[in-house]
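Thanks for asking me to look this one over. My notes follow as numbered points, with the cut-offs given where each term comes up.

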Amino acid sequence: MKPEWWPGEEHEVFTKWAFDNGVQTDAVTPARLQGRGLGMVATRNIKKGDAVLRVPTTIMVTVNDVPASFTEKLPEDIAVQALFAGYLTHGDPEQLSKYDLWRKSWPSRQDFEDSMPILWPPALGGPQWPGSEDVGSDQPSLLPPSISGHWPSLKPGPKTRKYTTDYQNILAEQAQRLRKAWTDVTSAYPETKWEDFSYHWLIVNTRSFYWVGEGQEVPEDPNDAMGLVPFADYFNHADVARDVKFDKDEYVFRATKDYEEGEEVFMNYGSHPNDTLLAEYGFILDVNEADSIYLDDIVFQDIHTPGQQEELWLNQYYGNYQVTPHGPCYRTETAACLSYMKEEDWRNHVLEGQSQGLDESRSEATIKRWILTYAAEAEAGISAINKAIEVNPTVQEHLPKAELLLKRWKQIKDLCEHAAETVSI
């Protein structure tokens, strides 16, 4: 009789293949976790710093493993993720056959359709893709604004500058990368099937690890510093520091804390808000110390004159106004002062620490109002989803997705209400 945690025959067969091909561990094994899919559990007590897994580079997929004859057919500026996805879709079957058992252990496309907003129907806020129903441009997004770039009712304040956003407009940027990847690969392989290519693109997106080959320069785009590491991709996420090292011979994973035998062992995807985890990996954490929201669209409703926005830009306080469960960031506090101070007074305050015109009670009231505006939007988002569940057949058909969005909006509302209580300058 198989134990309750047994991952399944395909995973057992793949694990044997991994060990036969040089993977080494006496500390972890793949396991099926009740209600949570697959992960790694400790097979013995583990101490912080122990090497729990070693994977030889000979079974990894890196840019050096993609044949030049394949790469040469594609645009020179193709992203590494697109290159990998194209190779997994159109590579020589004989060359790819070494990964057959590994590929059988991967999640299915249906798994991605269930969990990844980028493949969700437009009725829930997903992008328009080949074969998806055209619902019109006025379709409201039920996704949170950090993912979708849209609000349930708020009209964003004007922005006079373009700037790099942190963890905002995630889905639009993700969809842009996928569209370019699709265009690049179909330029060489016009027969490419959307379902196959987008599946492989998401496999790479969710299962890659940081990798730069020996003697290679770190790419300008950090998204291009990636490789696929068989067996290591069983690790699930937790909000803990990671400890991985690699060289030309192996990729080594070390424990970041003590674990007891039978306990799940985590790897970290990085300290990301739940909106990023949902959009990029298809899940949210019940407890996430890195969770946050961004007030940019709300802040710029108050700080909207060209002169005010120029002051923010010149002093490097333009945008990315973050609020965590512990309260607002310093950028948000600094922007709040500009909402009522004279520009010259604000500039002297920022550059020289002067307090002329500074009123901490007004700053606190402003920040609380901004945060509670976001909380009201969360309430509107919750209402919109509940209404859609009642009247929209497509949303009813995808009820688990809608319920996940409800959970996320409620997290956001709770975060806002708690953060508003902590405001103190």
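1. G126 touches P117, W120, P121 and L143, leaving aside residues up to four places away in sequence; a contact here means heavy atoms within 4.5 Å. G126 sits in the loop between α6 (109–115) and α7, where helices are DSSP runs of H or I with at least four residues, strands are runs of E with at least two, and both are numbered from the N terminus. At 11% relative accessibility, G126 counts as buried. The cut-offs are under 20% relative accessible area for buried, over 50% for exposed, and partly exposed in between, with a 1.4 Å probe and protein chains only. Y318 is 192 residues from G126 in sequence and 29 Å from it in space, C-alpha to C-alpha.

2. Before going further, a word on the source: this is a predicted model, in which local features need pLDDT of at least 70, side-chain atom pairs count only at pLDDT 80 or more, and totals for chains, interfaces and linings use all residues. Residues are numbered from 1 along each chain as its sequence is written, and side-chain values use heavy atoms, with hydrogens and water left out.

3. The loop between α6 and α7 also holds A123. A123 is buried, with a relative accessible area of 7%. Between A123 and K193 there are 70 residues in sequence and 24 Å in space, C-alpha to C-alpha.

4. How does the chain look as a whole? It has 17 helices and 12 strands. Its radius of gyration is 24 Å, close to the 22 Å that the globule rule gives for 425 residues, so the chain is as compact as a globular protein of that length. That radius is taken over C-alpha atoms, and the rule is 2.2 Å times the number of residues to the power 0.38. Along the principal axes, the C-alpha atoms fill a box of roughly 70 × 50 × 45 Å.

5. Of the contacts with a separation of 6 or more, 70% come from residues 24 or more positions apart. The accessible surface is about 20,500 Å², and carbon and sulfur atoms account for 48% of that; the areas come from the Shrake-Rupley method with a 1.4 Å probe, and for residues only the protein chains shown count as cover.

6. Helix α13 deserves a look. Seven of its nine residues are buried, so α13 is largely enclosed by the rest of the structure. The buried ones are T332, E333, T334, A335, A336, C337 and L338. They pack against α11 (296–302), α12 (306–314), β11 (322–324), β12 (327–328), α14 and α15 (360–391).

7. Two packed helices are described by the angle between their axes and the distance between the axes. For α13 (residues 330–338) and α14 (residues 343–352), the axes come within 9 Å and cross at roughly 150°. That makes α13 roughly antiparallel to α14. Angles under 35 degrees count as roughly parallel, over 145 as roughly antiparallel, 65 to 115 as roughly perpendicular and the rest as oblique. The axes are lines fitted to C-alpha atoms, for helices over the stretch in contact, with angles from 0 to 180 degrees between N-to-C directions. T334, C337 and L338 of α13 meet E343, W346, H349 and V350 of α14.

8. On the α10 side the contact uses N274, D275 and L278, and on the α17 side L404, L405, R408, Q411 and I412.

9. Which backbone angles would I check? Most residues other than glycine have a negative phi, and most peptide bonds are trans. Y167 has a positive phi of about 55° although it is not a glycine, and N320 has one of about 60°, again without being a glycine. Y167 lies in the loop between α7 (145–148) and α8 (170–188) and is partly exposed, at 31% relative accessible area. N320 lies in the loop between α12 and β11 and is buried, at 10%.

10. Finally, L372 lies in helix α15 and counts as partly exposed at 44% relative accessibility. L372 and K413 are 41 residues apart in sequence and 8.8 Å apart in space, C-alpha to C-alpha.
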